[in-house]
Amino acid sequence: MAHAPSMIHEPKSPVPAVLAVVARGDRVLLVRRANPPDAGCWGFPGGHIEWGETTQAAAVRELQEETGVRALPGDVLTVLEVITPVERGRQHHFVLIAVRCQWVAGEGVANDDAFDVGWFSPQEITDIGATASVDVERLARMALALDEP
């Protein structure tokens, strides 16, 4: 008897997630993602919001899990909507809440779903080009502008 092909379960609505935008001096903390979407690309640490968790708590938790960096949560910088093209029968739809976080401690170590971690200036983000996720440079400039006198 032939088996029916397995179906990939797709959410019926967008998935809310957070990005932890941490600035220190003239640089922001980025991770090189290990998992889709954006596997291999540089972006802000982040992920799903757990049930009953605030966006600020989710941002600092994801930051700690992915990089070991500790930070205090701040205000929401902006909200992004990301809808990926269908690839291999799968499409992603995220509503990303970018939370500005204040660095407390840690240089950053690739943990969880990150290949690498680094502190980047906006110019260095420009220089890495297509290996940076969408809006990374814009968010970095927004976060760094908050620190200017």
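## Pockets

The second largest pocket has a volume of about 290 Å³, a volume being the space filled by probe spheres set on grid points that are joined across faces, edges and corners. A pocket here is an open set of points on a 1 Å grid over the protein atoms alone, where a 1.4 Å probe fits, with protein on both sides within 12 Å along at least five of seven lines; lining residues have an atom within 4 Å of a point. The model is predicted, so local features need pLDDT of at least 70 and side-chain atom pairs pLDDT 80 or more, while totals for chains, interfaces and linings use all residues. Residues are numbered from 1 along each chain as its sequence is written, and side-chain values use heavy atoms, with hydrogens and water left out.

Pro-36, Pro-37, Asp-38, Thr-84, Pro-85, Val-86, Glu-87, Arg-88, Arg-90 and His-92 line the second largest pocket. This lining divides into four nonpolar, two polar and four charged residues. Ala, Val, Leu, Ile, Met, Phe, Trp, Tyr, Cys and Pro count as nonpolar, Asp, Glu, Lys and Arg as charged, and the others, Gly among them, as polar.

The largest pocket has a volume of about 630 Å³. Its lining has 26 residues, and Leu-19, Arg-33, Pro-37, Phe-94 and Leu-96 lie nearest the centre. By type, the lining of the largest pocket holds 13 nonpolar, six polar and seven charged residues. Elements that each supply at least two of its lining residues include strand E1 (15-24), helix H1 (55-67) and helix H3 (136-145). Helices (H or I, at least four residues) and strands (E, at least two) are DSSP runs, numbered from the N terminus.

## Helix H1

H1 has 13 residues and reaches 18 Å from first C-alpha to last, close to the 18 Å expected at 1.5 Å a residue; the expected span is 1.5 Å times one less than the number of residues. Among its buried residues are Ala-58, Glu-62 and Glu-66. Buried means under 20% relative accessible area (1.4 Å probe, protein chains only). The buried residues of H1 pack against E1, strand E2 (27-33), E4, E5, E6 and strand E7 (114-120). Gly-68, with a positive phi near 80 degrees, follows H1.

## Gly-46

Gly-46 is found in strand E4. Gly-46 counts as buried because its relative accessible area is 7%. Leaving aside neighbours within four places in sequence, Gly-46 is in contact (heavy atoms within 4.5 Å) with Val-18, Leu-19, Arg-33, Glu-62 and Glu-66.

How values were computed:
Buried < 20%, exposed > 50% of the residue type's maximum accessible area, 1.4 Å probe, protein only.
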